[in-house]
Amino acid sequence: MLTWTWGSYSHVLPPSRRFGATQPPKAVADQPLGIDVCLSCFNGGCLDSERSHMRLHVAKSGHTFTVNIRRKLKPSANRAGEDEPPAKMSKLMIVEEREEDKYEFKTVLKCWKCNPEKGLELPELSEDPRVKKLITDVMQSMSSARQSEVKSWEEEITACEHTLTLEQFATGPIEASGLAHCSKCDLKENLWLCLTCGSLGCGRQQFGGLGGNGHGLQHYEESHHPVSVKLGTITPEGDADIYCYLCNDSRLDPELASHLAVFGINVQTQTKTEKSITELASHLTQFSCSFYFYISMQQIEQNLKFDFSLTGEDGKALEPVFGPGLTGLANLGNSCYMASVLQTTFALPSFQEIYFPTAKEHWASFFQEGIRPIMFKRLIGKGHEEFSTMRQQDSEEFFTHFISSIRRQLQKTGKTTHDPTAVFQFGMEQRLQCNDCQKVRYRVDSMDVASVPVPKREKGTDADGKTIFEEIKLKECLDILTGVEALEYTCPSCHKQVIARKQTRFATFPQVLVVHAKKFQLVNWVPTKLDIPIVLPEGDVLQLDGYIGHGLQPGETELPEDKDASSDLPEFNAEAMAQLEAMGFPTVRCQKALLATGNNDANAAMEWLFQHMEDPDIDAPIQLSSKSPEPSAEQIVAGADGAFTWLGC
């Protein structure tokens, strides 16, 4: 993993991206000393005299050699003098802004063994071909910011029958990269290789200046060979742009390495030299936005003259402040859900005690104009179907995923005694009483979030016709959560279908109570989040004494164990359950929907719910016959940490 840092920004650069387009990181102000990138582990660090992270890294790791990278802003071609305004636009055009056009870069090899304090520069060795190549690879690495940007544009690409059943003709190896050209013209870039016969054809002309005459498409029309791969996008990991003309879409080829080997191409030796379709689409949209920006030339000139300094309502410039709790998180694009959770949790003493000690030295003298949590987002979202994307997400779902990730890591490292998330844990008591025999059953479930229903009471409409809802007190929501509800139940004592009363109360209280307001309602059969204001108690003091459960009381008789009830149910997918309950569906309905759809996909379960809303037994407790086999292991996806247990009785 290759990492570097400019100013207050960090970038993670996987080795697989070391040959991508040059994407140097952005910074508020580049440090005069630049940064150093370790040539052993590719960790990057600053060289500031007070906090030199590279010196700390070298002392800790014992690594010897680094490359120092400095950059300087080039004089603007649009400015005649330092204090003169930009030259007036005379043409309406869109030009891709490249880092090499904006900055001058200077690199030099350094030895920290020769000078443990600052590192000794070795300009002569920097010209060694092997060192030079390594430095070039570092400079051409794709930053994590760019990777995230590309990731946000990526669609889910799957294999098709044509890539899975590809028939190939052994026509021999093709020419080496740089020598190969289109079979019908002289173009040597934007080349597509037919995976059936090995014919090389140029693609269609692409935005950004990449030429093409469409000879690859013409080859398909003549031969009907369906699958082609773009040569310049092949990586050592076996990734590449693959297109199926029959499907008229991008596809995945699980056996790409072996299919390329037929034509003498070893993917392990390949270097990515051209932008993928996704990257080109990302640039195209950025430039389309730029196009609309350029249209208003008058407005542009005004904007260039305007000072965008931070000012208050009185027009006075705001003074930058720094210190504990005063450094914000920059929005990465649809990442406000993550920022709200992080800023809330790290305001708690339990998180500060664990994670703040190493940060206090920076608060003393350094100001940051917000932190871009790019690396953190990539780490916390890795492997997650939703949080690894750039789409908007629900903050409560992220909170659950966040604390589950912390607990898993603590379990791996054996540091569970220092769990900052323990402040959220509490028990919810479930009490069930049969109306006929009056026997009861109690169970306590471990929870981190109290999901409360929010009643909907319309107040009127505004000038735009939008529905206005009455304010709802938080106490009313808790009253509904802990209220008594009637349900049909097969009593194991009466051995018949009865009406039972169920009530939920707090068995224990957490140090920090997280309340999730379920504002989703079905509007025309579509889950819609309603803008219902929730009012806190007077003085922001919430009395919970009236919601405490007391367990089995003297004189109460417990119901016998029901083997056909919760003990036979699988462990439900915690993330899918959270999504469905957030939409306002009762717990038992969510469980039935997940059981009916494989206990995996919340969307499939939601569709099942819409189809079975009118079923007479939709709210009846789940009854599984003891003779019925449990769902297969492939159907059951365990919830995070196994914290969720069945709430229906």
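Leaving aside neighbours within four places in sequence, His 57 is in contact (heavy atoms within 4.5 Å) with Cys 38, Cys 41, Asn 43, Gly 62 and His 63. His 57 belongs to helix α1, which covers residues 53-61; helices (H or I, at least four residues) and strands (E, at least two) are DSSP runs, numbered from the N terminus. With a relative accessible area of 15%, His 57 is buried, where buried means under 20% relative accessible area, exposed over 50%, and partly exposed in between (1.4 Å probe, protein chains only).

The model is predicted, so that local features need pLDDT of at least 70 and side-chain atom pairs count only at pLDDT 80 or more, while totals for chains, interfaces and linings use all residues. Residues are numbered from 1 along each chain as its sequence is written, and side-chain values use heavy atoms, with hydrogens and water left out.

For the protein chain, the secondary structure comes to 18 helices and 24 strands. Of its 649 residues, 39% count as buried. Among contacts in the protein chain with a separation of 6 or more, 66% are between residues 24 or more positions apart.

Several strand pairings were assigned, two strands being paired if DSSP finds at least two bridges between them. Strand β3 (residues 35-38) is joined to β5 by four bridges, and the two run antiparallel. In this pairing, Ile 35 stands opposite Ile 69 in β5. Strand β5 (residues 65-73) also pairs with strand β6 (residues 103-111), in the antiparallel sense and over nine bridges.

Trp 192 stands opposite Lys 230 in β10. In general, strands of a sheet pair through backbone hydrogen bonds, either parallel or antiparallel.

Two leucine positions were examined individually. Leu 487 lies in strand β19, residues 484-491, and is buried, with a relative accessible area of 13%. The C-alpha atom of Leu 487 is separated by 6.5 Å from that of Arg 501, 14 residues apart along the chain. Leu 542 lies in the loop between β24 (534-535) and α16, and counts as partly exposed at 27% relative accessibility. Not counting residues up to four places away in sequence, Leu 542 touches Leu 474, Leu 478 and Pro 537. A separation of 8.0 Å is found between the C-alpha atoms of Leu 542 and Lys 475, which are 67 residues apart along the chain.

Helix packing was described by axes, which are lines fitted to C-alpha atoms, for helices over the stretch in contact, with angles running from 0 to 180 degrees between N-to-C directions. The axes of helix α16 (residues 574-582) and helix α18 (residues 602-611) come within 9 Å and cross at roughly 45°. Helices α16 and α18 are therefore oblique to each other; angles under 35 degrees count as roughly parallel, over 145 as roughly antiparallel, 65 to 115 as roughly perpendicular and the rest as oblique. The crossing of α16 and α18 is right-handed, a crossing being left-handed if the near helix is turned anticlockwise from the far one by less than a right angle, and right-handed if clockwise. Ala 576, Gln 579 and Leu 580 of α16 make the contact with Ala 602, Ala 605, Met 606 and Leu 609 of α18. These residues divide into six nonpolar, one polar and no charged, where Ala, Val, Leu, Ile, Met, Phe, Trp, Tyr, Cys and Pro count as nonpolar, Asp, Glu, Lys and Arg as charged, and the others, Gly among them, as polar.

For helix α17 (residues 587-596) and α18, the axes come within 8 Å and cross at roughly 115°, which makes α17 roughly perpendicular to α18. The crossing of α17 with α18 is right-handed. The contact is made by Arg 589, Lys 592, Ala 593, Leu 594 and Ala 596 of α17 and by Ala 605, Trp 608 and Leu 609 of α18. By class, this contact has six nonpolar, no polar and two charged residues.
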